[in-house]
Amino acid sequence: LQLRVRHALHVPTRAHAVMPRLDGSIVAVARRPGAWLLRWRPGSSASAARWCWGEPDRSFNGHVVPHGMDALMSTESDAEGGAGLLVRRDARTLAVLEEWPTGGIDPHAVLALSEGGWLVANGGVPTLPESGRAKGDLSAMDSSVVRLDAIGRQQGIWRLTDQRLSLRHLARHADGVVGVALQAEHDDPDERRRAPLIALWDGQHLRPGEAAVLEGYAGDITARPSGFVLGATR
């Protein structure tokens, strides 16, 4: 299999997620540091890209999903206290329309629920926007999965017993179960290697999967008919 670059746009810092839109454009969002969000139609000039630079008190957390035809939802953090936010933005101008607290810190992936509302994975890892990938006091980790209704009201919050497992990426299976990709933050390397890579949320309970005996780090996750597939570090 050979891959060929058809269109490219240079970005100033690390891009994390890319969301294709029905009109042929894409939306990309930065992460660590999350300083920008952009909308661009591949094949058009770089000058045609619409850039949104993060407000001084805000950082983007790498994920964005569509909300109808005219809006999108992004996970962001307040730069002062680190509180997580789910932000509704205009899909054309990228301007803020509404925002709601996610009930945690370090929100990462967000998933639209078919029955309405949103599921947000609060990674729970203390960081500062200006420090990139540098992590704060991991003993203060507080990772959770939070369900919000269509107007941002919290409907439930779920945590794992092991507080050093960071809940990061989300995928929903056809049977309704959501797979949550995990990243272990244990101080002991052996404990990290024994950590599970996935947790499962069924709308009522959140439970960890079996130990994977890899490096305790799962990247993205997708659902297949037989279950879930994760990218993982050996």
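**Figure 1. The whole chain at a glance.** Please keep in mind that the model is predicted. Along the principal axes, the C-alpha atoms fill a box of roughly 50 × 45 × 40 Å. Buried residues make up 47% of the 234. Among contacts with a separation of 6 or more, 41% join residues 24 or more positions apart. The accessible surface comes to about 12100 Å², and carbon and sulfur atoms account for 51% of that area. The protein carries 27 positive and 27 negative charges, whose mean positions lie 8 Å apart.

**Figure 2. Inside the largest nonpolar core.** This core has 19 residues, and Leu167, Val180 and Leu206 touch the most other members. At least two residues each come from β9 (107–112), β10 (118–122), β13 (165–172), β14 (178–184) and β15 (198–201). The largest share, 4 residues, is supplied by β14. Do look as well for a second, separate core of 11 residues, which includes Met19, Leu37, Cys52 and Leu94.

**Figure 3. The surroundings of Leu206.** Apart from neighbours within four places in sequence, Leu206 is in contact with Val145, Trp158, Arg159, Leu160, Leu167, Val180, Ala199, Leu200 and Trp201. Two of these partners, Leu167 and Val180, are named together with Leu206 as the core members that touch the most others.

**Figure 4. Ser144 in its strand.** Ser144 belongs to strand β11 (residues 144–148). Its relative accessibility is 1%, so Ser144 counts as buried. Beyond residues up to four places away in sequence, Ser144 touches Val120, Ala121, Asn122, Ile157, Trp158, Arg159 and Leu167.

Figure 5. Thr233 sits in the segment after β18 (227–232). A relative accessible area of 40% makes Thr233 partly exposed. Thr233 and Glu215 are 18 residues apart along the chain, and their C-alpha atoms are separated by 5.7 Å. Leaving out residues up to four places away in sequence, Thr233 touches Leu214, Glu215 and Tyr217.

**Figure 6. Two prolines, two loops.** Pro33 lies in the loop between β2 (26–30) and β3 (36–40). The peptide bond leading from Arg32 to Pro33 is cis, with omega near -5 degrees. For context, most peptide bonds are trans. Pro56 has its place in the loop between β4 (50–53) and β5 (58–67). With a relative accessible area of 85%, Pro56 is exposed. Pro56 and Ala35 are 21 residues apart in sequence, with 9.2 Å from C-alpha to C-alpha.

Figure 7. Asp106 is found in the loop between β8 (96–105) and β9. Val213 is placed in the loop between β16 (206–208) and β17 (218–224). Asp106 is buried, with a relative accessible area of 4%, whereas Val213 is exposed at 64%.

Technical notes
Residues are numbered from 1 along each chain as its sequence is written. This is a predicted model: local features need pLDDT of at least 70, side-chain atom pairs count only at pLDDT 80 or more; totals for chains, interfaces and linings use all residues. Side-chain values use heavy atoms; hydrogens and water are left out. A nonpolar core is a set of buried Ala, Val, Leu, Ile, Met, Phe, Trp, Tyr and Cys residues joined through side-chain atoms within 4.5 Å. Buried means under 20% relative accessible area, exposed over 50%, partly exposed in between (1.4 Å probe, protein chains only). Contact means heavy atoms within 4.5 Å. Accessible areas come from the Shrake-Rupley method with a 1.4 Å probe; for residues, only the protein chains shown count as cover. Lys and Arg count as positive and Asp and Glu as negative; His and the chain ends are not counted. The place of a charge is taken as NZ of Lys, CZ of Arg, CG of Asp or CD of Glu.
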